[in-house]
Amino acid sequence: MKDVPPLNPKITLKDIQEDAMRHLYKLRDPDTHDACEVYRITDDTPLPEPVPVITINDEIISTEGNLTTISGASKSGKSAFTSILLAGAISIDGLIDGLEFVNVQPNATKKAVIHIDTEQAKHKHKNNLRSVIKRANMAKCPDYFSSYNIRQLEVAQYTEITTQICERAMRKHGGIHLMVIDGIADFIKDVNDAEQSTTIVKYFEELAIKYQTPIIVIVHTNPGTDKERGHLGSQCQRKCESLLMVKTEGNISFIEPKLLRMAGKANIPAIQFMYDKAKGYHVGCGIKTEIVVDKSVARINKIKALCETIFNGQTSLNYLHVIKAIMIQANKSTNTAKAFFKEMRVREMIIKGEDNHWRLNNTAV
């Protein structure tokens with residue numbers, strides 16, 4: 001036995017399984033020495049069903065071994081939403097003060113729940129951590145919930161420390177139930193660099209596969225748009241299982257599905273939440289309902305109101321004066337003013353008198 005080489009501690013169960021599969025293919029077909037066969041998928045390939053960890057309205061959002069992206073503008077409520085997911089992930093029985101329709105698989109076996117923050121100041125991070133624990137109806141932070149603030153580290157150290165965190169969690173708790181990265185952009189120096197973006201997303205994709213855990217990454221959108229920042233945002237969108245946007249209107253935030261590979265967008269309600277000062281964290285406040293107004297109707301109503309304003313108290317106006325009045329009142333160009341005038345005339349909001357002046361048609365307005 002002295003000639004037996006020592007066990008390599010870096011070899012995982014997945015490595016052993018893949019090596020066994022390679023040898024199996026060679027036994028089945030001695031002439032086949034192509035290592036790529038282990039990656040081939042056929043209709044007979046035995047694959048387990050994806051294990052859903054996060055669902056919304058019973059629709060699958062996040063499964064083991066995949067990435068989920070949450071995007072939104074600064075201060076839109078992204079971290080608040082992920083705090084709700086973290087509370088669900090550390091809960092053993094699933095009873096938390098969360099959001100209606102949002103469900104996280106309870107952590108009955110107390111696997112590790114990892115949260116890595118690269119943005120918040122430490123005191124703010126601590127307050128957020130307390131809100132997660134309180135929301136989960138716990139008195140203290142459970143040992144299997146590990147929340148790290150690595151903002152003070154150099155960018156080059158981020159992946160190294162993240163790898164160490166995952167390995168430690170695996171050894172200590174026998175698995176990772178959920179992992180949240182808030183935010184992934186700080187792991188690289190330039191979000192517009194295609195190579196850096198591809199590399200970091202691939203890194204987290206491999207972590208998700210290796211530890212068979214869902215990983216949620218948070219990215220910002222470009223100011224004033226719904227587009228995720230740079231090449232990094234595009235790569236997250238390409239590789240993620242789901243992409244949820246968090247938007248805000250006034251003091252209320254809401255969830256909007258942008259990309260779902262395991263669910264239909266129409267089945268995901270726009271769940272609203274807002275900060276509750278008494279509780280110290282965000283709480284649900286119903287479902288956002290869209291008031292759909294036909295654009296053509298809205299345009300007609302706008303022109304009708306403009307018409308009433310211009311001709312209010314006026315006996316009549318000639319064509320040039322009408323155009324000038326529209327330009328001033330609506331702050332529009334000459335061409336747009338002429339288009340508005342045509343709309344008024346065609347819809348008989350105004351009528352032309354024998355003096356070639358235009359008047360308000362009181363029977364139509």
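Me: Are tyrosine 203 and phenylalanine 204 buried or exposed?
Reply: This is a predicted model, in which local features need pLDDT of at least 70 and side-chain atom pairs count only at pLDDT 80 or more, while totals for chains, interfaces and linings use all residues. Residues are numbered from 1 along each chain as its sequence is written, and side-chain values use heavy atoms, with hydrogens and water left out. Relative accessible area decides the matter: under 20% is buried, over 50% exposed, and in between partly exposed (1.4 Å probe, protein chains only). Tyrosine 203 and phenylalanine 204 are both buried.

Me: What is the geometry of the aromatic pair of tyrosine 203 and phenylalanine 204?
Reply: Rings of Phe, Tyr and Trp (its six-membered ring) pair if their centres lie within 6.5 Å; planes under 30 degrees apart are stacked, over 60 edge-to-face, and the rest tilted. A search of the whole structure finds 6 aromatic pairs. For tyrosine 203 and phenylalanine 204, the centres are 5.0 Å apart and the planes stand at 70 degrees, a geometry that is edge-to-face.

Me: How many residues apart in sequence are the parts tied together by phenylalanine 341 and tryptophan 358?
Reply: The ring centres of phenylalanine 341 and tryptophan 358 lie 5.2 Å apart with planes at 85 degrees, so this pair is edge-to-face. Helices (H or I, at least four residues) and strands (E, at least two) are DSSP runs, numbered from the N terminus. Phenylalanine 341 belongs to helix 9 (residues 334-346) and tryptophan 358 to strand 14 (residues 358-360), so the parts tied together are apart in sequence by 17 residues.

Me: Which residues of the largest nonpolar core touch the most other members?
Reply: A nonpolar core joins buried Ala, Val, Leu, Ile, Met, Phe, Trp, Tyr and Cys residues through side-chain atoms within 4.5 Å. The largest such core has 33 residues, and those that touch the most other members are Ile54, Phe81, Leu85 and Leu99.

Me: Which element gives the largest share of this core?
Reply: Elements that contribute two or more residues to the core include strand 1 (52-56), helix 2 (78-90) and strand 10 (252-260). The largest share, 8 residues, comes from helix 2.

Me: With which residues is leucine 85 in contact, leaving aside its neighbours within four places in sequence?
Reply: Leucine 85 is among the core residues that touch the most other members. Contact means heavy atoms within 4.5 Å. With those sequence neighbours left aside, leucine 85 is in contact with Ile54, Ile70, Val102, Val104, Leu178 and Ile216.

Me: Which element supplies the largest share of the lining of the second largest pocket?
Reply: Elements that each supply at least two residues of this lining are helix 2, helix 3 (122-135), strand 8 and strand 12 (281-287). The largest share, 5 residues, comes from helix 3.

Me: What is the relative accessible area of phenylalanine 101?
Reply: Phenylalanine 101 sits in the loop between helix 2 and strand 4. Its phi is near 80 degrees, which is positive although the residue is not glycine. Phenylalanine 101 is partly exposed, and its relative accessible area is 30%.

Me: What is the relative accessible area of asparagine 331?
Reply: Asparagine 331 lies in the loop between helix 8 (319-330) and helix 9. Phi here is near 55 degrees, again a positive value in a residue other than glycine. Asparagine 331 is exposed, with a relative accessible area of 67%.

Me: Where does glycine 183 lie?
Reply: The peptide bond from aspartate 182 to glycine 183 is cis, with omega near 5 degrees. Glycine 183 lies in the loop between strand 7 and helix 5 (194-211).
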